[in-house]
Amino acid sequence: MSPTSRPKPRPFPVPQAPTNPVVIWFGRIGDMIMLSTLLEILHRRFGRPCRVIGAGAWTEEIYRSHRDVAEVICLGRHTAFFFDRQWWRARRALRAGSAAPVYVCEDFPHKLPRITRLLRWSGTPASHCIVMADMLAAAKSHGQQAPEHWVDRLVALGRCTPPAFREADFPWPEPPPRCAPRLETTAAERAECDTWLASQGWLGRPLVLVQPGNQRTMKGAARPASQDDHKAWPVERWAELLQHVRQHLQRRLPQALVVLVGAPQEAPFLELIRTAAKLPSIGIAVLPLRRLFALCERSHNMISVDTGPAHAAAAVGLPLVVLFGGYPSQVWQPRSAVGSPVIGVGGPPVASRLDEIPEQVVFAAWCELLDRLLADPIRSGRAAS
């Protein structure tokens with residue numbers, strides 16, 4: 001049973017910001033980065049930063065230092081709730097903040113029962129909850145067009161008010177929120193990144209990041225992608241793209257350096273691509289998540305598969321080209337709170353797999369991006385040096 005399917009009492013007045021708003025989503029990295037859109041809205045509407053309940057350690061990494069987040073609780077993705085200490089911690093937090101508004105972003109049917117159980121066992125009233133799945137279903141039942149892009153869905157959810165709260169007490173903020181994802185790094189993280197860049201001999205050079213991995217390459221094996229991986233682009237196409245990018249940079253931005261980036265588990269995969277490209281001058285950076293955020297802030301542009309790091313890049317203002325496979329760009333294309341350009345390539349109906357995208361299409365999109373950045377680097381958010 002959905003948390004909001006029980007009878008709803010009439011709204012009653014509540015004091016401003018009775019406690020921190022609670023936001024629940026068991027999403028992956030890209031999902032949880034887009035979630036920052038909603039967190040800003042709720043922080044400003046209710047006057048207190050949010051308590052985020054997710055599943056996966058990356059949620060805590062993403063929001064380690066973020067002005068819109070007071071606490072992060074990460075449940076085990078595959079741990080039975082009665083064995084999961086974090087599940088009991090979340091239950092205690094919900095019971096202690098029983099006056100909080102609760103926003104459930106999850107829309108996967110097989111994940112909702114776990115959330116329903118958590119809310120019920122914590123004693124959270126249904127009248128305090130707003131559920132994304134219910135919002136989308138209500139729009140459909142009324143013949144309305146639900147928002148298509150996930151960021152727009154999160155904004156629409158942020159405009160809703162749980163039945164137990166008077167909407168007039170928590171109006172839409174002025175000036176309006178950014179309504180787009182935004183990540184934040186600390187001064188210490190930026191300084192550590194600069195020290196690391198200096199140790200590589202890369203500090204001060206425009207960096208073009210290439211992020212070829214996806215969830216399956218995180219397994220660490222340097223082997224060609226399987227046929228059922230719609231987010232895999234053939235290694236030979238990555239090699240060809242790197243050669244064309246390097247040649248173009250020598251004419252347009254000769255001081256630039258191309259860097260293959262990924263998680264530590266992806267080092268063999270990145271080396272496989274560099275070897276295939278026969279370009280030993282290309283850098284490889286295997287990074288933890290927070291270092292990736294800081295590196296994106298310091299870089300010139302990026303080419304990436306549709307995955308979490310692409311959303312991270314846009315959320316720190318890095319211009320990029322994104323390759324889409326089976327998921328449509330109109331639903332998942334990364335967005336930037338500062339208006340930095342994001343160019344999507346592929347995706348339905350143009351392509352249902354990355355390997356259906358020709359190399360020259362990706363290269364042409366990247367050339368278009370580079371032209372825009374070099375023509376107006378300040379407006380585009382990146383200087384050429």
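Analyst: Start with accessibility: buried means under 20% relative accessible area, exposed means over 50%, and partly exposed is in between. Keep in mind that this is a predicted model.

User: Is Cys-179 buried, partly exposed or exposed?

Analyst: Cys-179 has 25% relative accessibility, so Cys-179 counts as partly exposed. The residue sits in the loop between helix 7 and helix 8.

User: What about the peptide bonds: is the one from Glu-174 to Pro-175 cis or trans?

Analyst: Most peptide bonds are trans. The bond from Glu-174 to Pro-175 is cis, with omega near -5°. Pro-175 is in the loop between helix 7 and helix 8. A cis bond also joins Pro-348 and Pro-349, where omega is about 0°. Pro-349 is placed in the loop between strand 11 (342-346) and helix 14 (359-375).

User: Next, helix packing. At what angle do helix 2 and helix 7 cross?

Analyst: Angles under 35 degrees count as roughly parallel. The axes of helix 2 (residues 36-46) and helix 7 (residues 150-159) cross at roughly 15° and come within 8 Å. That makes helix 2 roughly parallel to helix 7. The crossing is right-handed.

User: Which residues of helix 2 and helix 7 meet?

Analyst: From helix 2, Thr-37, Leu-38, Ile-41, Leu-42 and Arg-45 take part; from helix 7, Val-151, Leu-154, Val-155, Leu-157, Gly-158 and Arg-159. By class, this contact has seven nonpolar, two polar and two charged residues.

User: How are helix 9 and helix 10 arranged?

Analyst: The axes of helix 9 (residues 235-252) and helix 10 (residues 267-277) come within 8 Å and cross at roughly 60°. The two helices are therefore oblique to each other. Helix 9 contributes Val-235, Trp-238, Ala-239, Leu-242 and Gln-243 to the contact, and helix 10 contributes Phe-269, Leu-272, Ile-273, Ala-276 and Ala-277. These residues divide into nine nonpolar, one polar and no charged.

User: How many aromatic pairs are found in the whole structure?

Analyst: The search finds twelve. To read a pair, look at the angle between the ring planes: over 60 degrees counts as edge-to-face. The rings of Trp-87 and Trp-121 have their planes at 85° and their centres 5.7 Å apart, so this pair is edge-to-face. Trp-87 is in helix 4 (residues 85-96) and Trp-121 in helix 5 (residues 112-121), 34 residues apart, and the pair links distant parts of the chain. Trp-87 is buried at 0% relative accessible area, whereas Trp-121 is partly exposed at 41%. The rings of Trp-196 and Trp-202 are also edge-to-face, because their planes are at 85°; their centres are 5.6 Å apart. Both Trp-196 and Trp-202 are buried.

User: Which residues form one aromatic cluster?

Analyst: That cluster is made of Trp-25, Trp-150, Tyr-327 and Trp-332.

User: Last, how many residues of helix 11 are buried?

Analyst: Seven of the ten residues in helix 11 (residues 289-298) are buried, and the helix is mostly covered. The buried residues are Leu-289, Arg-290, Leu-292, Phe-293, Ala-294, Leu-295 and Cys-296.

Terms used
Residues are numbered from 1 along each chain as its sequence is written. This is a predicted model: local features need pLDDT of at least 70, side-chain atom pairs count only at pLDDT 80 or more; totals for chains, interfaces and linings use all residues. Side-chain values use heavy atoms; hydrogens and water are left out. Axes are lines fitted to C-alpha atoms, for helices over the stretch in contact, and angles run from 0 to 180 degrees between N-to-C directions. Helices (H or I, at least four residues) and strands (E, at least two) are DSSP runs, numbered from the N terminus. Angles under 35 degrees count as roughly parallel, over 145 as roughly antiparallel, 65 to 115 as roughly perpendicular and the rest as oblique. A crossing is left-handed if the near helix is turned anticlockwise from the far one by less than a right angle, and right-handed if clockwise. Contact means heavy atoms within 4.5 Å. Ala, Val, Leu, Ile, Met, Phe, Trp, Tyr, Cys and Pro count as nonpolar, Asp, Glu, Lys and Arg as charged, and the others, Gly among them, as polar. Rings of Phe, Tyr and Trp (its six-membered ring) pair if their centres lie within 6.5 Å; planes under 30 degrees apart count as stacked, over 60 as edge-to-face and the rest as tilted. Buried means under 20% relative accessible area, exposed over 50%, partly exposed in between (1.4 Å probe, protein chains only).
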